[in-house]
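Please look at the sequence and the structure shown below, and then follow the paragraphs that lead through them from core to contact to sheets and helices.

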Amino acid sequence: MEADLIIKLDGLKKHYPIGGGHFTALNGINLDFARGEFAALIGPSGSGKTTMINIIGSLDMPSEGRVTFMGYSIGELNAKSAALIRSSKMGFIFQTYNLLPVYTVFENVELPLLLLGIEKSTRKKMVRDAIEWVGLTDKIKSKPPQLSGGESQRVAIARAMVKKPAVVFADEPTANLDAANSHHILQTMEKLNRELQTTFIFATHDEKVISYVRRRIYLSDGLVVRDERVAPQRTEV
Amino acid sequence: MIRFLLKGLIRDRHRSLLPIIVTALGVMLTVVFHSWLTGVLGDSIEYNARFASGHVKAMTPAYHSNMQQMPNDLAILGAGQMMDSLQVLYPFMDWVERIHFAGLIDVPDENGETRIQGNALGLGIDLLSPTSQETERLNLQQSLRTGNLPARPGEALMSHEFSAKLGIKTGDVFTLIGSTMYRELAVYNFTLSGTVEFGTTALDRGSVIVDLQDARFALNMEDAAGEILGFNVSGYFDEEMTGQVINEFNSRFYDTEDIFSTMMISLRDQNNMGTFLDYSTKLIGLLLVIFITAMSIILWNAGLLGGLRRYGEFGMRLAIGEEKNHVYRTMIYESLIIGILGSVGGVFLGMLIASYLQKNGIDLGIMMKNATILIPSVFHARITSQTWYIGFIPGVFSALIGTMLAGIGIYKRQTARLIKELQA
């Protein structure tokens, strides 16, 4: 299952200018990700995990090295091509959910499909399916301010998954959730990973997330210090 | 997608209703301010025009040279024929004859002996012709303090202050002692029909207003008039149009070698009104520039802050695959929609207020009580063609420019940075 390589990082470096010098967030990363992986980038704040996710997700550009995503070299993409790849092949889940507060759950999940220009009846079905995956059918007409943190994050998962992307990037998805909600959304993501073969890459230092993933990549000061494949060790609540 | 974004715009009051209200208020204030300023300065000019200068004035060059002395011996002769010519040649103007005179008012006691005398400045206007608009032009009905307007020959109006000083009341007879146009003694009796108060010292100090024909009898000015005034029928001074009339009239009637030919001058050429007109135009321009700049900065800032506030949302939209150009374009469209709606609302509200002020005005008479120049006591707004668009343009474009500037950040920042701003 994991033999189908979809992401490849060769000597990835990222520097940010600070004052007269620069801060190195990533200092030569070499990694591969295969289709269907359920992996986590683990490390303390400032270790470079969010930077790496942003670069693979074409939200940021590498300073040096090469990042290949499904055959596309991220550093060489123009803004239009990068947007097209993000809209069709990537999903993002953020720590703060980033839902649009004036739209309903249905409309928030519908947005990525509108960008893809999917026809209305198909779109409707896809949105309903995605909301069903995360178990929020009864909240379909609610707006984000009416939802709990866990429910909001499940909407964010549905929004990321609705277009059935190849890869979902989840940056600290459980940081604002209690233990029960964290397990709930992790189980949801694991189920989607299993059923839809979607690759999930987490940036986290949450033990609960780490207990679910099958690959753990430890980062420190912009370098990979350990990369291990493990059987999930769940700590259910 | 457009419907989706419009839905969001309508639902998010911070993005739609509040900016529309702010824009509408700014535009409304600009419209009211412009119409009020134009009206107030215009009223001062028109007040002068109605009482003294007309929009244009015809007289003999000799009279013009000594105009301050009201030299009726140098008046236009054959004024009736001149009036006929003017009405045929320039029917778009209302032409009226006026006679200014100075004299002594003598008030007799019960024995017919002089009780008191006072110096008067007289004005002969057409009060009794049924088609005359002079009563309305000088706002006499509203200025009446006691009695009535003259209804028959031999009746006169007097400023209320002057009548009180002389101790006469309506129905009393007084005598005008002056000089005919042939420099003979003029003595003529008038009956006081009413007293008037204009609210300005210049007119209230010693004015006597009589019918034109009475003035002619009294001053022996048969078919003569010191001045013929022309008023644009629109009611407002139009410099370009009056300039054309003056040029045409002077080329036809004015002989520079003949001091008794007839010449025409503009309102601009009298009583320093040219300076006042230039001053008014510049003042209106300057105040509007200051006001519109201040309003534009507020709206520009609102557009800028509105855009900056949404960086996080833009970051999220970019992350799920929306193109930067599309995000930027939708920002601009939103700003345009809000700007247009706000500006239309602002113009509508502003015009409502301006129309009310144009019709009713605001009475500032109490502040004008001691004014020694011809200045009205009631000031009106005035709606011009400029009033319709003066607020609309900054209303639409200020916020748009602010939004465009805020939108540049979308291009300058990496998408990851925009998302971080949402999470901050």
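**Cores, contact and secondary structure**

The largest nonpolar core has 78 residues, and those with the most contacts inside it are A:Leu41, A:Ala130, A:Ile157, A:Ala158, A:Met161, A:Ile201 and A:Phe202. A nonpolar core here is a set of buried Ala, Val, Leu, Ile, Met, Phe, Trp, Tyr and Cys residues joined through C-beta atoms within 7 Å, where a residue is buried if 20 or more other C-beta atoms lie within 10 Å of its own, exposed if 12 or fewer, and partly exposed in between, with C-beta atoms placed from the backbone. Helix 5 of chain A (residues 149-161) gives the most to this core, with six residues; helices (H or I, at least four residues) and strands (E, at least two) are DSSP runs, numbered from the N terminus. A second, separate core of 64 residues includes B:Met59, B:Met158, B:Met181 and B:Phe231.

The model is a predicted one, in which local features need pLDDT of at least 70 and side-chain atom pairs count only at pLDDT 80 or more, while totals for chains, interfaces and linings use all residues. Residues are numbered from 1 along each chain as its sequence is written, and chains are lettered from A and ligands numbered from 1 in the order in which they are written.

Helix 5 of chain A is mostly covered, with 11 of its 13 residues buried, and among these buried residues are A:Glu151, A:Arg154 and A:Arg159 as well as A:Val155 and A:Ile157. The buried residues of this helix pack against strand 6 (90-93), helix 3 (105-116), helix 4 (120-133), strand 7 (167-171) and helix 6 (179-196) of chain A, contact being defined by C-beta atoms, placed from the backbone, that lie within 7 Å. The 13 residues of helix 5 of chain A should span 18 Å at 1.5 Å a residue, and its end C-alpha atoms are 18 Å apart, which agrees; the expected span is 1.5 Å times one less than the number of residues.

The contact between the chains takes 24 residues from chain A and 20 residues from chain B. On the side of chain A that touches chain B, helix 2 (79-89) and helix 3 of chain A each supply at least two residues, and helix 2 of chain A gives the most, with seven residues.

Chain A also holds an open sheet of four strands in the order 2-1-4-5, with antiparallel pairing; two strands pair if DSSP finds at least two bridges between them. Strand 2 (21-34) and strand 5 (72-73) of chain A stand at the edges, each with a single partner strand, so one side of each is left without a neighbour in the sheet. Strand 4 (residues 64-69) and strand 5 of chain A pair over two bridges, and A:Thr68 stands opposite A:Ser73. Elsewhere in chain A, strand 3 (residues 38-42) pairs with strand 9 (residues 215-220) in the parallel sense over four bridges, A:Ile42 having A:Tyr218 as its bridge partner. Strand 9 of chain A also pairs with strand 10 (residues 223-229) of chain A, in the antiparallel sense over six bridges, and in their hairpin, with two residues between the strands, A:Asp221 takes a positive phi near 50°.

Chain B is divided into domain 1 (2-47 + 276-423) and domain 2 (56-236), bounds that come from an automatic or database domain assignment, and 50 Å separate the centres of the two domains, taken over C-alpha atoms. Strand 7 of chain B pairs in the antiparallel sense with strand 3 (residues 93-108) of chain B over three bridges, and with strand 8 (residues 185-196) of chain B over seven bridges.

B:Val40 lies in helix 2 (residues 17-53) of chain B and is buried, with 22 other C-beta atoms within 10 Å. Although B:Val40 and B:Ala381 are 341 residues apart in sequence, their C-alpha atoms are 6.4 Å apart in space. What covers the buried residues of helix 15 (residues 392-412) of chain B includes helix 2 and helix 13 (324-360) of chain B.

Note on methods:
Contact = placed C-beta atoms within 7 Å.
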